[in-house]
Amino acid sequence: MRRLVVTTCLWGRYELARIVLDYYARQRERLAAPIAAMGYEVDLLAVGSEGPASHYLAEVTGFHYRKYANAPLSDKWNHACQQAFGALRADFVLSGHADVR
């Protein structure tokens with residue numbers, strides 16, 4: 001089975017981040033059967049840099065957590081991509097935790 005990793009980076013805005021992480025966790029559960037029928041399983045990955053605060057937020061919402069420095073921000077996103085694709089050998093979707101409308 002192939003893997004699809006929904007990936008985000010965290011920095012502050014904990015209430016908003018919690019809403020977005022919860023949303024992706026619920027969608028993973030809701031869409032598990034149709035996604036499995038296409039030959040995929042879904043994992044969730046959050047990369048944070050605030051230590052226990054972002055780690056806890058990721059854990060309680062079912063995300064795997066990786067820690068990486070926030071500056072420069074592009075390096076943090078690059079690390080997220082490397083973890084999702086390189087380390088996990090998965091297809092991935094990037095979403096900023098504050099990218100909601």
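Entry 1. I looked at side-chain contacts of R28 first. R28 forms a salt bridge with E29, with the closest N and O atoms 3.8 Å apart. I noted that this is a predicted model. The pair passes because the cut-off is within 4 Å. I then checked accessibility for both partners. R28 is partly exposed, at 22% relative accessibility. E29 counts as exposed, at 55%, because exposed means over 50%.

Entry 2. Next I took D22. Which residue does D22 meet in a salt bridge? The partner is R18, at 3.1 Å from N to O. I placed both residues in helix α1 (residues 14–30). They are four residues apart, about one turn of the helix. D22 has a relative accessible area of 23% and is partly exposed. R18 is also partly exposed, and I recorded 34% relative accessibility for R18.

Entry 3. I moved on to R2. R2 pairs with D91 in a salt bridge, and the closest N and O atoms are 2.7 Å apart. Where do R2 and D91 lie in the chain? I found R2 in strand β1 (residues 2–9) and D91 in strand β4 (residues 91–94). The two are 89 residues apart, so this pair links distant parts of the chain. For R2 I logged a relative accessible area of 48%, partly exposed. D91 counts as partly exposed too, at 27%.

Entry 4. How many salt bridges does the rule give? The count comes to four. I have written up R28 with E29, D22 with R18, and R2 with D91.

Technical notes
Residues numbered from 1 in each chain as written. Predicted model: local features only at pLDDT ≥ 70, side-chain atom pairs only at ≥ 80, totals over all residues. Heavy atoms only, no water. Buried < 20%, exposed > 50% of the residue type's maximum accessible area, 1.4 Å probe, protein only.
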